[in-house]
Amino acid sequence: MKTSPAAPSATAVPAAGHAEGVSNDEFRAAMSRLAAGVVLVTSTEASLDPDDPGAPDGEDVGMTATAFLSVSLDPPLVLVSLRDGSRMDDLLDEQPLWGVSVLSESQRHIAGRFAMKGRISDRLLFEDIPYVRGEVSGAPLVGGALATLECRTEQRIPAGDHTLVIGRVLTARVTSAEGGPLTYFRGRYRQLG
């Protein structure tokens, strides 16, 4: 009888969270060799004072993500990885509805804009980008994206310094946008081909 090798023990990883001999730089360099699609995750933050008719209606929030994938067909589920304590992580902890725009190769400027550290307000980031509001989520969905999804959070899973957010897909649209997908490889946005 053939047996499969035992799964690694959870105690094999030191308290620091790294396997022995693997540095942050080595891990980052190895993972940079994995090409990933680029999406813009969006949601709308509720008004800070909904009882005040003069208060702003809320603010649109966006975040570039490369850790996004399909999880299940039945039911339709997707997963996005969010850095703990990021604005999007905090928002999706309170707001269950969000949108995803699968960016095309011609939308590198959008990806870069929403990935900047120390960036300006999200309101200004959305200012000159064409978008429509999702019918279900109300989230901005970028015009010219290859596809758009609207999601509702089903589960949040703590994972190291990130939170894995699993969302049920409520709407999925493939647009008539031309061109290929925007990808991220070796620390840069790239086109296929």
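## One face of helix α3

In helix α3 (residues 108–115), I110, A111, R113 and F114 are buried, where buried means under 20% relative accessible area, exposed means over 50%, and partly exposed lies in between, with a 1.4 Å probe and protein chains only. Looking down the axis of α3, we find these buried residues within an arc of 165 degrees, so they line one face of the helix; the arc is taken from the directions from the helix axis to the C-beta atoms. An α-helix has 3.6 residues a turn, so residues three or four places apart point the same way. The cover over the buried residues of α3 includes β2, β3, α4 (122–126), β8 (140–142), β11 (182–185) and β12 (188–191).

Helices (H or I, at least four residues) and strands (E, at least two) are DSSP runs, numbered from the N terminus. This is a predicted model, in which local features need pLDDT of at least 70 and side-chain atom pairs count only at pLDDT 80 or more, while totals for chains, interfaces and linings use all residues. Residues are numbered from 1 along each chain as its sequence is written, and side-chain values use heavy atoms, leaving out hydrogens and water.

## The protein as a whole

Let's step back for a moment. The protein has four helices and 12 strands, and buried residues make up 35% of its 193 residues. Its accessible surface comes to about 11,900 Å², of which 55% belongs to carbon and sulfur atoms; such areas come from the Shrake-Rupley method with a 1.4 Å probe, and for residues only the protein chains shown count as cover.

Which residues of helix α2 (residues 87–94) are buried? They are M88, D89, L91 and L92. Seen down the axis of α2, they fall within an arc of 165 degrees, so they line one face of this helix. On the other side of α2, D93 and E94 are exposed.

The buried residues of α2 pack against several strands, among them β2 (39–46), β3 (58–65) and β5 (77–83). Packing here rests on contacts, meaning heavy atoms within 4.5 Å.

## Strands side by side

Two strands pair if DSSP finds at least two bridges between them. Strand β5 has six of its seven residues buried, so it is largely enclosed by the rest of the structure. Four bridges join β5 to the antiparallel strand β4 (residues 68–72), and a hairpin connects β4 to β5 through four residues. F68 has V80 in β5 as its bridge partner. Seven bridges join β5 to β10, and these two strands also run antiparallel.

Strand β3 is mostly covered, with six of its eight residues buried. Eight bridges join β2 to β3 in an antiparallel arrangement, and S43 is partnered with V61 in β3.

## Salt bridges

A salt bridge is a side-chain nitrogen of Lys or Arg within 4 Å of a carboxyl oxygen of Asp or Glu, and by this rule the count comes to nine. In one of them, E59 meets R87, with the closest N and O atoms 3.2 Å apart. E59 lies in strand β3 and R87 in helix α2, so the pair ties together parts that are 28 residues apart in sequence.

D128 is exposed, at a relative accessible area of 56%.
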